2 protein chains.
Amino acid sequence: MNNVDIKSPTLLLDVSKCRNNIRRMAEKAHKHQLMLRPHFKTHQSADVAQWMRTEGIQSCTVSSIAMARYFAKRGWDDILIAFPVNVREHAAIQNLAREARLQVLCCDRRSLESLEHCINTALGVKIELDLGSRRSGLRPTQRNKIDELLAFLEKSEVFEFTGFYSHPGHTYLARSREDIRSIYARFMPQLHNLRTAYGRQVGFSITIGDTPGCSVVEEFGPINEISPGNFVFFDTMQVNIGSCTYDDIAVVMACPVVGKNTDRKELLIHGGAVNFSKESLQDTDRNMHFGKLAHGAVSGWYGVMRRAFLKSISQEHGLVHAEDDLLKKTDIGDLLYVYPVHSCLAADAMGSYLTVDNVTLSMQPKL
Amino acid sequence: MNNVDIKSPTLLLDVSKCRNNIRRMAEKAHKHQLMLRPHFKTHQSADVAQWMRTEGIQSCTVSSIAMARYFAKRGWDDILIAFPVNVREHAAIQNLAREARLQVLCCDRRSLESLEHCINTALGVKIELDLGSRRSGLRPTQRNKIDELLAFLEKSEVFEFTGFYSHPGHTYLARSREDIRSIYARFMPQLHNLRTAYGRQVGFSITIGDTPGCSVVEEFGPINEISPGNFVFFDTMQVNIGSCTYDDIAVVMACPVVGKNTDRKELLIHGGAVNFSKESLQDTDRNMHFGKLAHGAVSGWYGVMRRAFLKSISQEHGLVHAEDDLLKKTDIGDLLYVYPVHSCLAADAMGSYLTVDNVTLSMQPKL
């Protein structure tokens with residue numbers, strides 16, 4: 001990484017940390033006999049996807065048709081679109097189903113009825129479950145609705161029921177590894193019941209996709225497929241939750257220092273909401289932050305500055321709270337390395353990566 | 001606008017509302033004999049800029065070198081880069097200064113010293129003031145520092161002092177028109193003092209750039225140039241502050257409905273943080289929201305649904321709180337029209353507009 005060439009906010013990627021994160025998750029999946037179908041919405045990059053392939057990963061999860069199309073064109077032919085069927089995108093789904101083995105999510109029969117009329121290629125359907133995150137999906141106890149959907153799928157000539165999917169996003173409210181394990185323990189009996197009731201179907205799987213759970217839990221019960229996304233990069237949110245340490249975070253935003261206010265203990269950086277998005281988080285010292293600072297190294301970064309944090313951001317400005325030692329050694333024109341609160345959103349906002357070996361990696365272009 | 005063609009989250013632009021917003025601000029500037037130098041970071045669009053030109057506007061403000069370059073290439077040749085000089089971008093500043101009359105901001109002599117060594121084209125410099133927003137700039141009372149900067153500028157053969165600039169962003173904390181006026185009244189005496197002390201310089205101006213103030217204030221005292229940005233579109237934040245009404249907001253995000261949960265009074269939409277960014281706001285009913293809903297019309301939208309709001313967003317999902325009437329009339333596959341909390345960030349996230357007359361307008365591409 002040639003620091004001199006960095007002129008404006010740049011999302012740096014440590015390939016080694018990223019590939020370690022991928023390898024660790026692949027090993028864990030192997031150990032627990034889980035199929036690993038990573039969510040590509042975090043990295044949106046054909047290169048990162050390729051590193052996954054070298055770990056034996058052949059299936060993926062995406063969050064939009066556009067993203068499915070991008071990866072289908074790059075040789076990924078087993079794709080789960082983990083977003084409720086959007087009936088306005090029927091034609092796009094039909095086109096894509098000709099290029100790859102697609103699965104879609106559903107929790108509402110009307111969406112499928114409408115889709116069935118304009119599709120003539122086989123399509124896998126997973127029923128989405130709400131295991132407590134209250135975003136979308138059927139609750140596991142809504143057996144009448146599940147049975148109604150299954151009856152409909154059974155009669156269909158294009159749809160094939162492939163199991164249940166859930167993103168238990170309430171693990172993001174956890175603040176310890178024990179919290180995460182408790183959340184999993186609470187919904188596990190419900191998943192056992194579903195497997196007993198519906199698990200005889202060929203190709204049936206129960207898929208769970210959240211980075212906190214997949215990183216920390218060791219008891220997967222009837223779950224046989226996992227689809228975490230964020231784990232490739234991690235971020236300060238995952239550190240807070242207990243999924244990883246700062247040294248596992250594989251991306252930082254390199255931000256030029258453009259101002260210094262010693263009285264207020266502040267450094268002004270080029271780096272704002274158009275780079276980080278606007279996710280904030282309370283750290284363990286109860287400071288609301290938009291990012292935490294890494295120590296810079298000759299090549300890359302390490303650790304965390306305990307008492308420094310990105311305290312506010314506007315469109316392109318960022319204000320860093322800095323204690324005396326950091327103020328003393330930092331000049332206008334220096335770079336600060338900021339761990340994002342939410343790496344998925346920072347990556348999406350930036351649209352490309354610069355590796356510490358000075359290679360630019362592109363991402364799925366915005367339409 | 002052909003609703004049927006909208007498949008996924010789309011940022012709609014009502015050209016008529018937008019041009020009315022531009023016209024109103026141009027008339028106000030004319031009435032108060034203020035030069036209008038709008039901030040283009042909100043729209044980042046050559047088309048919107050062109051509508052400004054037809055109102056007689058010939059100067060602009062931008063927030064980055066990349067944005068300055070984009071507009072310079074489109075015939076804008078009087079550009080203020082309202083961001084502290086980034087010493088890593090010297091070469092880019094020098095290149096750009098050959099193409100357009102540039103002004104940059106400064107509040108630290110070291111940045112200018114470093115810039116002076118590698119520039120040989122005339123460059124305007126405004127001293128940035130902190131009038132209470134505590135982001136960047138010198139306080140008006142730091143006369144020693146101001147004098148030191150001026151002495152440096154006077155000796156320089158490339159720099160030309162052109163006045164003072166401030167973005168009094170603390171007007172964003174206002175919650176009434178009276179609040180905004182009080183904030184202006186508080187800093188006005190300080191600006192009078194600066195004009196008395198330094199205003200004899202040729203080409204001197206005092207520039208203020210915030211949409212709340214420029215929309216509401218009628219007493220501009222020694223201010224002779226304004227550079228608001230957000231006013232072209234407005235958003236729910238500006239409604240809360242008192243800068244505009246909902247019917248002035250010129251952009252909405254059209255979001256397909258992909259789920260419905262009548263028990264929880266929720267509609268699930270395709271539309272999340274990658275579309276809106278993640279700015280939230282407490283509305284007047286104390287509901288934290290990521291957007292408010294407009295009523296749809298045959299062409300465009302109007303008003304606001306008082307009791308509906310975007311209550312949470314993740315990367316691509318949005319959850320709308322909906323009362324019974326909205327739930328009753330809304331089906332999966334319908335579009336909802338969501339006013340963004342912060343239109344600048346939503347526009348930046350989306351990268352293009354669809355007008356209600358079905359024309360796609362492009363924006364400055366991300367690098």
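# Salt bridges and the A/B contact

Me: What does B:Asp130 form a salt bridge with?

Reply: B:Asp130 pairs with A:Arg264, and the closest N and O atoms are 3.4 Å apart. A salt bridge here is a side-chain nitrogen of Lys or Arg within 4 Å of a carboxyl oxygen of Asp or Glu.

Me: Before I go on, what kind of model is this?

Reply: This is a predicted model, in which local features need pLDDT of at least 70 and side-chain atom pairs count only at pLDDT 80 or more, while totals for chains, interfaces and linings use all residues. Residues are numbered from 1 along each chain as its sequence is written, chains are lettered from A and ligands numbered from 1 in the order in which they are written, and side-chain values use heavy atoms, leaving out hydrogens and water.

Me: OK. How many salt bridges are there between chain A and chain B?

Reply: The count between the two chains is four. Over all chains, the rule gives 38.

Me: And how many residues does each chain put into the contact?

Reply: Chain A gives 54 residues and chain B gives 54 residues. Contact means heavy atoms within 4.5 Å.

Me: How much area do they bury between them?

Reply: Buried area is the accessible area (1.4 Å probe) that two parts lose on being put together, summed over both. For chain A and chain B it comes to about 4,600 Å², with 49% of that on carbon and sulfur atoms. On the chain A side, A:Arg88, A:Arg135 and A:Gln315 lose the most area to chain B, together 17% of what that side buries.

Me: How many residue pairs are in polar contact across the interface?

Reply: First the rule: a polar contact is a pair of N or O atoms within 3.5 Å; within protein, one must be able to donate a hydrogen and the other to accept it, and residues adjacent in sequence count only if both atoms are side-chain atoms. By that rule there are 22 residue pairs across the interface, both residues at pLDDT 80 or more.

Me: Which elements of chain A give two or more residues to the side that touches chain B?

Reply: Among them are β4 (78-84), α5 (109-116), β10 (251-261) and α12 (343-350) of chain A. The residues on that side divide into 20 nonpolar, 14 polar and 20 charged. Nonpolar covers Ala, Val, Leu, Ile, Met, Phe, Trp, Tyr, Cys and Pro; charged covers Asp, Glu, Lys and Arg; the others, Gly among them, are polar. Helices (H or I, at least four residues) and strands (E, at least two) are DSSP runs, numbered from the N terminus.

Me: What rotation superposes chain A on chain B?

Reply: A rotation of 180° with 0.0 Å of shift along its axis does it, with an RMSD of 0.0 Å. That is the relation of a two-fold axis. In chain A, the C-alpha nearest the axis belongs to A:Lys278, at 2.4 Å from it. The same surface serves both copies, as 100% of the contact residues of chain A recur in chain B. The superposition is by least squares on the C-alpha atoms of residues with pLDDT of at least 70 in both copies.

Me: Back to salt bridges. How far apart are N and O in the pair of B:Glu266 and B:Lys311?

Reply: The closest N and O atoms of that pair are 2.9 Å apart. B:Glu266 sits in strand β11 (residues 266-270) of chain B and B:Lys311 in strand β16 (residues 309-313) of chain B, so the pair ties together parts 45 residues apart in sequence.

Me: Is B:Glu266 buried or exposed?

Reply: Buried, with a relative accessible area of 4%. The cut-offs are under 20% for buried, over 50% for exposed and partly exposed in between (1.4 Å probe, protein chains only). B:Lys311 is partly exposed, at 31%. Salt bridges that share partners join A:Asp130, B:Arg264, B:Glu266 and B:Lys311 into one network.

Me: What does A:Arg24 meet in a salt bridge?

Reply: Its partner is A:Asp248, at 3.5 Å from N to O. A:Arg24 lies in helix α1 (residues 15-31) of chain A and A:Asp248 in the loop between α9 and β10 of chain A, so parts 224 residues apart in sequence are tied together. A:Arg24 is partly exposed at 40% relative accessibility, whereas A:Asp248 is buried at 17%.

Me: Last one. Where is A:Ser227?

Reply: A:Ser227 is in the loop between β9 (225-226) and α9 (236-241) of chain A. With 1% relative accessibility, A:Ser227 counts as buried. Not counting residues up to four places away in sequence, A:Ser227 touches residues including A:Arg37, A:His39, A:Tyr165 and A:Thr207.
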